[in-house]
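Here is a short report on two surface features of a protein model. It takes the pocket, then the nonpolar patch.

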Amino acid sequence: MHWIWLIIVGAVVGALGRLLHPGRDPMGWIVTILIGIASLVIAGLIFSGFWAFVVGVIVAVILVALVGRFFGTRGRGVAARV
């Protein structure tokens, strides 16, 4: 049951992270859920309860920005990179 809860809340946190990060993101919904889960695990190691959720959203925004930065040109042609 813990894993199901982690996936559901991870999806919410990942969606909030994408919502709070301005601009276009090159990732799909599965990567968004994985980012949300990773951010919850990181926040859960540091905080507990409500603060873990808040810090998880902040970490998700940072992870969404990093993923967008490093994988932003994937799938576009060579002309888009120039």
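## Pocket and patch

The lining of the largest pocket has 7 nonpolar residues, 3 polar residues and no charged residues. The model is a predicted one.

The volume of this largest pocket is about 200 Å³. Its lining is made by His2, Trp5, Leu6, Val9, Leu40, Val41, Gly44, Gly49, Ala52 and Phe53. Three helices, α1 (2-20), α2 and α3, each give at least two residues to that lining. α1 supplies the largest share, 4 residues.

Next comes the nonpolar surface patch. Val41, Ile42, Leu45, Ile46, Phe47, Phe50 and Trp51 form this patch, which covers about 800 Å². Two elements, α2 (29-46) and α3 (50-70), each contribute two or more residues to the patch. The largest share, 4 residues, is from α2.

| Feature | Extent | Largest share |
|---|---|---|
| Largest pocket | volume about 200 Å³ | α1, 4 residues of the lining |

Ile42 belongs to helix α2. Is Ile42 buried or exposed, or partly exposed? Ile42 has a relative accessible area of 38%, so Ile42 counts as partly exposed.

Note on methods: Residues are numbered from 1 along each chain as its sequence is written. This is a predicted model: local features need pLDDT of at least 70, side-chain atom pairs count only at pLDDT 80 or more; totals for chains, interfaces and linings use all residues. Side-chain values use heavy atoms; hydrogens and water are left out. Patches are made of residues with over 30% relative accessible area and no salt bridge: like charges are joined within 9 Å, nonpolar side chains (Val, Leu, Ile, Met, Phe, Trp, Tyr) within 5 Å. Accessible areas come from the Shrake-Rupley method with a 1.4 Å probe; for residues, only the protein chains shown count as cover. A salt bridge is a side-chain nitrogen of Lys or Arg within 4 Å of a carboxyl oxygen of Asp or Glu. Buried means under 20% relative accessible area, exposed over 50%, partly exposed in between (1.4 Å probe, protein chains only). On a 1 Å grid over the protein atoms alone, a cavity is a set of points where a 1.4 Å probe fits but cannot get out, and a pocket is an open set with protein on both sides within 12 Å along at least five of seven lines; lining residues have an atom within 4 Å of a point. Grid points are joined across faces, edges and corners, and a volume is the space filled by probe spheres set on the points. Ala, Val, Leu, Ile, Met, Phe, Trp, Tyr, Cys and Pro count as nonpolar, Asp, Glu, Lys and Arg as charged, and the others, Gly among them, as polar.
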